[in-house]
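Okay, quick one from me today.

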Amino acid sequence: MSVFMRRARIGDLDAIMRLERSTFTDDAWPEDAMRRELESPHGYYLVAVDDELASRRAPSGSGEAADGADGAAEGSHDEPDAAWPPLLGYAGLLAPSGGDQGDIQTIAVDPAARGIGLGRGLMHALITESRRRGIAQLFLEVRADNPIARSLYESLGFAEIGVRRGYYRNGVDAVMMQLAVPPAVTRPAGEGTDGTTIRGAAR
């Protein structure tokens, strides 16, 4: 699998919302709120797609179905901004211009793409963008009952700074975490734990 991260655009909204609703169910953002996030000059949203899957799409108007049982449906996407290929993940940063604090707004990875380091890759990209924008402190909130996400954030240097009791709709607490954005370091391009190549975000 070759995963490519790029800036999200309004044409990705439908695909983002499908993953948002399937991932967060009761706590999913409203579509209009997500649209405002994508359009905000203070936001930086990324999407991750599978390059190999995208390359199997039949050319528009060719009448040739793509590989797979649902190839006919896949081949019907004619607009360049259509929700194709399906998103493997997305993540968003809020970093107002002129400030030194930012927030990781959201991050989601499709179940089929978990375990390859995509969540870590998305987080590294947001931290890098935070550094570029002069952000010194990054904050996020995570469900107290999500040990996998909490472990990821801790491994990236986030530290717990508080708890918001009953923050989520079903009464689950939100753990508040903070990261002092580290200085830039030189390292090889990201690789997933299974050798999957994760290419950086295009500006």
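So, E1 and E2 pair in the antiparallel sense, over five bridges; strands here are DSSP runs of at least two residues, helices are H or I runs of at least four, both numbered from the N terminus, and pairing needs at least two DSSP bridges between two strands. Opposite Ala 48 in E2 you'll find Met 5. This is a predicted model, so local features need pLDDT of at least 70 and side-chain atom pairs count only at pLDDT 80 or more, while totals for chains, interfaces and linings use all residues. Residues are numbered from 1 along each chain as its sequence is written, and side-chain values use heavy atoms, with hydrogens and water left out.

E2 also pairs with E3, again antiparallel, over six bridges, and there Leu 46 has Ala 91 as its bridge partner.

How many residues of E2 are buried? Eight of the eight, so the strand is largely enclosed by the rest of the structure. Buried means under 20% relative accessible area, with a 1.4 Å probe and protein chains only. Gly 43, Tyr 45, Val 47 and Val 49 cover one side, and Tyr 44, Leu 46, Ala 48 and Asp 50 the other.

Now the packing. Skipping residues up to four places away in sequence, Tyr 153 touches Ile 107, Met 123, Leu 140, Val 142, Phe 158 and Met 177.

Notes: Contact means heavy atoms within 4.5 Å. Buried means under 20% relative accessible area, exposed over 50%, partly exposed in between (1.4 Å probe, protein chains only).
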